[in-house]
Amino acid sequence: MVPLEAPAAGSAAPLDGAAARKQRALARRKAFSLFVKAKEVPVAARCAAGGEGVRWRCCRQGFEELSGIHRHVALQHGGDVGQRAAAEGSPVDPAGSADGTQGRCRGAPEVAWALPDTSRVGHDDLTSKVGEVLLYYCYCEVKDPEELCAWQKALCQHLHLTGKVRVASEGINGTVGGSKAATNLYIEAVLSHPLFKDILCQEDFKSSAGGAHCFTDLRVGVFKEIVPMGIDPKIVSYKETGIHLSPQEFHKEVEHYLSQASLGQSDTILLDCRNFYESKIGHFQGCLAPDIRKFSYFPSYVDENLKLFKDKRVLMYCTGGIRCERGSAYLRSKAVCREVYQLKGGIHKYLEEFPDGFYRGKLFVFDDRYAICSNEDIISG
């Protein structure tokens with residue numbers, strides 16, 4: 001890894017500030033480890049707790065792998081870990097941004113991470129037009145969105161990537177395009193970042209054929225939400241999301257839903273939470289596709305159709321999964337559904353495993369490609 005250039009004179013953070021950040025990080029890591037330790041299932045009780053392989057239990061879920069409980073705690077209990085860290089004597093964070101900056105990295109805050117070493121990668125390989133487009137997101141607590149934004153901007157520029165990256169206190173949402181060499185280095189850098197290394201994994205990055213030419217430029221900014229639903233994340237949190245289903249599990253659920261629907265006996269709604277122009281060119285068979293122009297209209301659609309969802313099992317899906325995180329949380333907050341499920345990884349991941357499954361037509365993407373084809377069906381022009 002190559003360290004970033006030092007900040008210009010007069011803009012460097014004081015040494016005591018750096019020491020305080022290091023102390024906070026150490027306290028948080030210790031608090032995280034203690035929280036995970038507290039969720040261990042005693043060896044003698046593991047059979048009763050859900051099987052020989054269950055080593056940790058939290059929020060009515062069993063975890064066999066350390067990475068699994070780490071991801072769960074990082075996503076669902078960041079606040080608890082933070083409180084424990086504070087109780088251990090971690091110094092208080094400096095006041096955050098108060099100027100309401102939206103959509104850009106303000107100033108030039110200290111960037112506390114590094115850029116990948118590209119000295120062994122040829123310039124032609126790094127800038128090749130033959131590459132891919134990555135799509136990913138991560139909900140987690142970001143204490144310094146400006147710092148993360150600055151690092152992301154520097155990282156993308158360093159790797160000649162184009163695209164869009166949204167950073168907020170609730171996480172990060174990115175879609176970037178570049179050469180295969182560049183996107184591989186980008187994934188490695190993100191996965192090794194302290195914020196994400198215990199949460200994200202390789203499978204969380206969805207990829208498709210493309211490159212830097214798929215976007216007109218690079219836009220990296222700080223926003224209130226990483227996907228614009230128009231509701232304060234403190235009111236409807238990603239921590240209250242629906243139950244995640246793998247592509248295989250979702251496929252079985254849709255198969256069962258379609259067989260029951262054909263008999264007029266279904267108690268399930270297959271809900272497309274994308275915009276109408278997305279579902280118009282491709283969707284799951286038998287879905288309910290709301291006539292909404294943008295995701296910020298989704299809450300109003302739910303509010304106006306609560307009777308439709310009453311006592312129903314809801315299977316939700318979207319492009320890459322991010323809209324379902326907040327969308328399912330909002331639907332659950334209304335307390336009308338029997339249960340809410342969502343497709344983990346979205347249509348992108350489903351099509352990787354079921355290119356000729358129940359999703360028919362094209363997949364709309366928010367770049368210059370417009371759509372990705374996975375089968376020969378033409379739903380609408």
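This is a predicted model: local features need pLDDT of at least 70, side-chain atom pairs count only at pLDDT 80 or more; totals for chains, interfaces and linings use all residues.
A: Let's start with a definition: a residue is buried under 20% relative accessible area, exposed over 50%, and partly exposed in between.

Q: Okay, so is Y277 buried, exposed or partly exposed?

A: Y277 has 28% relative accessibility, so it counts as partly exposed. Now try F364: at 11% relative accessibility, it counts as buried.

Q: How do the rings of Y277 and F364 sit against each other?

A: Look at the angle between the planes, where over 60 degrees counts as edge-to-face. For Y277 and F364 that angle is 65°, so the pair is edge-to-face. Their centres are 5.3 Å apart.

Q: Which parts of the chain does that pair tie together?

A: Y277 belongs to helix α9 (residues 276-279) and F364 to strand β15 (residues 359-364), so the pair links parts that are 87 residues apart in sequence.

Q: What lies over the face of F223?

A: That's R166, at 3.8 Å from the ring centre.

Q: Where is confidence lowest, and where is it highest?

A: Check pLDDT, the predictor's confidence in each residue. Helix α2 (residues 46-50) is lowest, with a mean of 50, while strand β13 (residues 313-317) is highest, at 98. Over the chain, the mean is 84, and 81% of residues reach 70 or more.

Q: How many contacts beyond four places in sequence does the model have for residues 5-15?

A: Three, and pLDDT stays under 50 over that stretch. Residues 107-112 are also below 50, with eleven contacts beyond near neighbours in sequence.

Notes:
Residues are numbered from 1 along each chain as its sequence is written. Side-chain values use heavy atoms; hydrogens and water are left out. pLDDT is the predictor's confidence in each residue, from 0 to 100. Helices (H or I, at least four residues) and strands (E, at least two) are DSSP runs, numbered from the N terminus. Contact means heavy atoms within 4.5 Å. Rings of Phe, Tyr and Trp (its six-membered ring) pair if their centres lie within 6.5 Å; planes under 30 degrees apart count as stacked, over 60 as edge-to-face and the rest as tilted. Buried means under 20% relative accessible area, exposed over 50%, partly exposed in between (1.4 Å probe, protein chains only). A charge sits over a ring if NZ of Lys or CZ of Arg is within 6 Å of the ring centre and within 35 degrees of the ring normal.
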